[in-house]
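Here is a short report for a reader who is new to this structure. Look over the sequence and the model first.

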Amino acid sequence: MHQAKNHILVIFGASGDLTYRKLVPAVFDLFNQGLLPEKFAILGLGRTELGNRAFRKKMKEGIQQFALNKPSDDGKLNQYLEKLHYFSFDTKEPDEYCLLKGKLRELDEACQTDNNIIFYMATPPSMYEIIPAQLAKQGLTDESQGFRRLIVEKPFGYDLETAQKLNADLLNSFHEEQIYRIDHYLGKETVQNLLVTRFSNGIFEPLWNRNYIHHVEITGAENIGVGMRGGYYEGSGALRDMIQNHLLLLVGLVAMEPPTLIDSYNIRNEIAKVFHSLRPIKEEEVSKYAIRGQYTASHIKGEAVKGYRDETGVAPDSRTETFAAIKLFIDNWRWADVPFYIRSGKMLPTRVTEIVIHFKSTPHHLFVNDANISKNYNQLVIRIQPDEGVLLKFGMKVPGAGFKVQNVNMDFHYSDLSDTYLPSAYERLLLDCMLGDSTLYHRGDAVEAAWRFVDPILKAWKKDDSIPVHGYPAGTWGPDVSDNLIEEEDITWRYPCKNLANDGNYCEL
């Protein structure tokens with residue numbers, strides 16, 4: 001593996017939860033494996049009045065609690081903590097950016113980091129316009145004497161208009177090649193393994209098209225409600241929170257053409273082509289292709305569970321969706337008329353993200369005496385989380401007289417690779433940025449194309465009160481009407497369990 005160049009990682013919003021739980025522990029894991037450059041520093045920025053000592057003490061607690069490679073002794077941990085620095089800083093005050101420039105010059109000279117800087121915006125989205133512009137005014141985006149990279153956390157806009165404005169604002173200060181739009185889903189090993197599953201196996205790629213695939217199903221389910229985030233979720237909803245970014249990204253990886261090379265430029269080109277090929281859904285057609293729902297009060301394991309409208313910060317007449325399901329098509333040669341069904345929701349029976357490839361049935365049903373097998377399709381299940389792995393379902397003859405057929409499973413679990421270290425998503429993505437590899441980061445045009453697809457749905461749901469918000473009891477698989485998206489009578493959604501191969505049963509809540 002290439003070694004990252006010496007640099008400073010500057011974290012805006014360093015006193016927040018993301019830095020404490022994810023960023024600093026992930027960078028420690030890189031340090032513990034010897035993957036950081038020899039000369040490296042972290043500069044935390046925040047309005048909270050903290051000195052280096054207090055910041056290091058707080059981050060030490062975060063590392064001990066959240067790092068994957070727990071420090072075995074204080075020696076190595078203390079070496080890492082010495083690389084952490086803190087600067088009290090108000091991001092809204094333009095005059096303070098001049099002080100930041102001086103602090104960075106001072107830190108670069110002391111740590112000999114070759115004037116290379118990565119800026120990480122672990123801040124509310126309202127700061128995404130302010131921070132890059134002020135950095136540019138101070139000349140801190142100029143790469144004439146060292147690299148400058150900017151990591152931006154999602155959400156990348158609130159709708160198409162705000163996404164376009166955000167991209168325009170960022171590009172006023174940084175070049176596209178300097179911008180790294182981070183989505184932790186892309187850092188998951190099983191998401192990346194989609195590329196390997198497809199493009200390194202001769203048994204899959206020849207079948208990966210409209211001639212052999214009947215439909216594709218993608219589920220991103222959570223078994224928790226909004227908790228104390230009701231106020232935030234009211235302005236978001238399942239479509240913005242999960243489908244526009246995470247699940248459409250999975251659509252892109254499933255449907256993309258083979259890239260010429262496995263590199264950032266070619267892979268991101270192919271994903272963008274998929275997004276540009278999504279068949280537009282007109283506002284007047286939304287009720288035909290999209291369904292929304294909201295969880296209602298229920299009992300789970302004998303305990304009463306609140307409905308969404310009873311959660312803290314949620315309006316009593318809220319029409320924000322906690323469940324969304326969409327039927328979409330990709331208008332290109334490979335996928336013409338193959339439906340993709342995607343759904344996401346809160347307060348569903350289990351936490352699971354998976355992709356299911358439903359292959360077409362055989363052209364001639366030899367075993368029509370078996371009613372069940374005639375309705376079953378071969379399935380390839382790619383489990384993103386939990387119990388990460390791959391499951392293949394196919395028919396086999398049951399021992400005995402006649403030709404009774406039963407579906408069987410052939411499965412692989414990542415946990416079987418017990419001797420293999422699986423890095424956290426942030427660990428992988430931060431290292432890629434340090435190496436200048438943007439393959440697993442979103443590109444601006446792809447972000448806008450994804451928003452362009454979901455924007456008519458959002459507008460229709462906002463304008464047209466006749467489009468219902470279907471209630472579903474907490475702990476169930478969403479509104480019953482979501483099955484209506486799948487037009488064939490003998491096909492429904494797959495109802496997965498926590499364990500990959502333990503399907504076909506009603507899962508424990």
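## Reading the labels

Helices (H or I, at least four residues) and strands (E, at least two) are DSSP runs, numbered from the N terminus. Keep in mind that the model is predicted.

Most residues other than glycine have a negative phi, and most peptide bonds are trans. Met347 has a phi near 60°, a positive value in a residue other than glycine. Asp114 also has a positive phi, near 60°, and is not glycine. Asp114 sits in the loop between helix H4 (96–111) and strand S4 (117–121).

Are these residues buried or exposed? Buried means under 20% relative accessible area. Met347 has a relative accessible area of 12%, so Met347 is buried. Asp114 is partly exposed, at 47%.

## Two cis peptide bonds

Lys154 and Pro155 are joined by a cis peptide bond, with omega about 10°. Pro155 belongs to the loop between strand S5 (148–153) and helix H6 (160–173).

Gln385 and Pro386 are also linked by a cis bond; here omega is near -20°. Pro386 is placed in the loop between strand S14 (379–385) and strand S15 (389–397).

## Where H9 meets H10

Helix H9 covers residues 237–255, and helix H10 covers residues 264–276. Their axes come within 9 Å and cross at roughly 110°. Angles from 65 to 115 degrees count as roughly perpendicular. H9 and H10 are therefore roughly perpendicular to each other.

Which residues in H9 and H10 meet? From H9 come Leu248, Leu249, Val251, Gly252, Leu253 and Ala255. From H10 come Ile271, Val274 and Phe275. By class, this contact has 8 nonpolar residues, 1 polar residue and no charged residues.

## Helix H14

Helix H14 runs over residues 444–463, which makes 20 residues. At 1.5 Å a residue, H14 should span 28 Å. The end C-alpha atoms are 28 Å apart, which agrees.

Where does the kink in H14 lie? The kink, of about 40°, lies at Val454, shortly before the proline Pro456. Of the 20 residues of H14, 15 are buried, so the helix is largely enclosed by the rest of the structure.

Terms used. Residues are numbered from 1 along each chain as its sequence is written. This is a predicted model: local features need pLDDT of at least 70, side-chain atom pairs count only at pLDDT 80 or more; totals for chains, interfaces and linings use all residues. Side-chain values use heavy atoms; hydrogens and water are left out. Axes are lines fitted to C-alpha atoms, for helices over the stretch in contact, and angles run from 0 to 180 degrees between N-to-C directions. Angles under 35 degrees count as roughly parallel, over 145 as roughly antiparallel, 65 to 115 as roughly perpendicular and the rest as oblique. Contact means heavy atoms within 4.5 Å. Ala, Val, Leu, Ile, Met, Phe, Trp, Tyr, Cys and Pro count as nonpolar, Asp, Glu, Lys and Arg as charged, and the others, Gly among them, as polar. The expected span of a helix is 1.5 Å times one less than its number of residues. The bend at a residue is the angle between axes fitted to the seven residues ending there and the seven starting there. Buried means under 20% relative accessible area, exposed over 50%, partly exposed in between (1.4 Å probe, protein chains only).
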